[in-house]
Amino acid sequence: MAFSAGQSYAFSTNFDPLQQNLWGSKPHISSFSLKDINFKQCYKPNILSKKPLYISAVLSGFGHADESKEYKSRDPLVQRNAYEASRPQSIPINIEFGQEAQAAATQKLKIGLYFATWWALNVVFNIYNKKVLNAFPFPWLTSTLSLAAGSLMMLVSWATKIAETPKTDFDFWKALFPVAVAHTIGHVAATVSMSKVAVSFTHIIKSGEPAFSVLVSRLLGETFPLPVYLSLLPIIGGCGLAAITELNFNLIGFVGAMISNLAFVFRNIFSKKGMKGKSVGGMNYYACLSMMSLLILTPFAIAVEGPQVWALGWQNAVTQIGPNFIWWVVAQSVFYHLYNQVSYMSLNEISPLTFSIGNTMKRISVIVSSIIIFQIPIQPMNALGAAIAILGTFLYSQAKQ
């Protein structure tokens, strides 16, 4: 039917389009025609109602559905009215998707900040560490100062309540001891390596750590899928290619990096087995590790190098470099603790796979930055070996999962 735009209509009707059987479950559809509808024109010019019209019926009586009974008649008079629906209103629905998405975005941002801080601190440490070792070639004392600075920083943090003091017992320190021994050996060996060769070469060789991890774990009875073993081929091949093409190759530097790899593998194994279930973790865990490593390393550093040699070397370094040398020593000591502290804190926030990938990217950033800053000449085959080794490390982290 058509309605003119300038007029509105109201109507009443005596028909029931949906005659509901009060005693049955099936609706009864009654027939009707347009003749049954009486329209009453409402002279309201220029008014157009866009609201839908509903037909209401006031029913009398209720019943249960029963197919076997005859239909019960309804009251003959039932009031039926046409009315306009009210304007639709929005119903607020609280959905937690926004909060979950915000939490996920916050977590990603947090991990990104961890990685950026970790890489930046590591790059700064390696630069200042190499500067110190070039002017003051005493890696045992340099390693000791790094651990001493970190231990002092954490003791002050605990005393001033900046960081919560860890609750430890004798069993904790007993389990930490083998971890500290391995950590001390790995730290000193890496410093010895960087005192003899370029920073980039040390980190290229240290990218071969997964090969040592698989070897030691295999000797301890652990098995790995075939892709893990295959990922070791580019690691070993890349490290070998980088070693034979290194312009300033030094055997002590090469062996030091290899010993560091092996020591850190045992550190991870001891930490995983001995420290499982311990309440101390993250920042405080590394602080305790640094303190115990300092106690282990100090007598050996005195025995290997000695205070007399340190005094003479310190005087020569200050004479050649000036007061900046003292800043270099402080910077390399502080940044060593900070980058390791951030890496241990990140382990509480990310998966081992993500951490392994981040460690690979860290090595790339250190290698590239050291080559640029120290202007290290590099051969194409040497760069190819480094790229292959780092790629193999990435493939290993993927295959290990």
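**Exercise 1.** State which residues form one aromatic cluster.

Solution. The cluster consists of Phe136, Phe138, Trp314 and Phe325. The model is predicted: local features need pLDDT of at least 70, side-chain atom pairs count only at pLDDT 80 or more, and totals for chains, interfaces and linings use all residues. Residues are numbered from 1 along each chain as its sequence is written, and side-chain values use heavy atoms, with hydrogens and water left out.

**Exercise 2.** Classify the pair of Tyr128 and Trp327, and locate both residues.

Solution. Step 1: rings of Phe, Tyr and Trp (its six-membered ring) pair if their centres lie within 6.5 Å; planes under 30 degrees apart are stacked, over 60 edge-to-face, the rest tilted. The structure holds 17 such aromatic pairs.
Step 2: the centres of Tyr128 and Trp327 are 5.9 Å apart and the planes stand at 80°, so this pair is edge-to-face.
Step 3: Tyr128 belongs to helix 1 (residues 97-135) and Trp327 to helix 10 (residues 324-347), so the pair ties together parts 199 residues apart in sequence. Helices here are DSSP runs (H or I, at least four residues), numbered from the N terminus.

**Exercise 3.** Decide whether Tyr128 and Trp327 are buried, partly exposed or exposed.

Solution. Step 1: buried means under 20% relative accessible area, exposed over 50%, partly exposed in between (1.4 Å probe, protein chains only).
Step 2: Tyr128, at 19%, is buried.
Step 3: Trp327, at 45%, is partly exposed.

**Exercise 4.** Describe the pair of Phe172 and Trp173.

Solution. Step 1: the centres lie 5.4 Å apart with 80° between the planes, an edge-to-face pair.
Step 2: Phe172 is buried at 2% relative accessible area, whereas Trp173 is partly exposed at 28%.

Notes
Helices (H or I, at least four residues) and strands (E, at least two) are DSSP runs, numbered from the N terminus.
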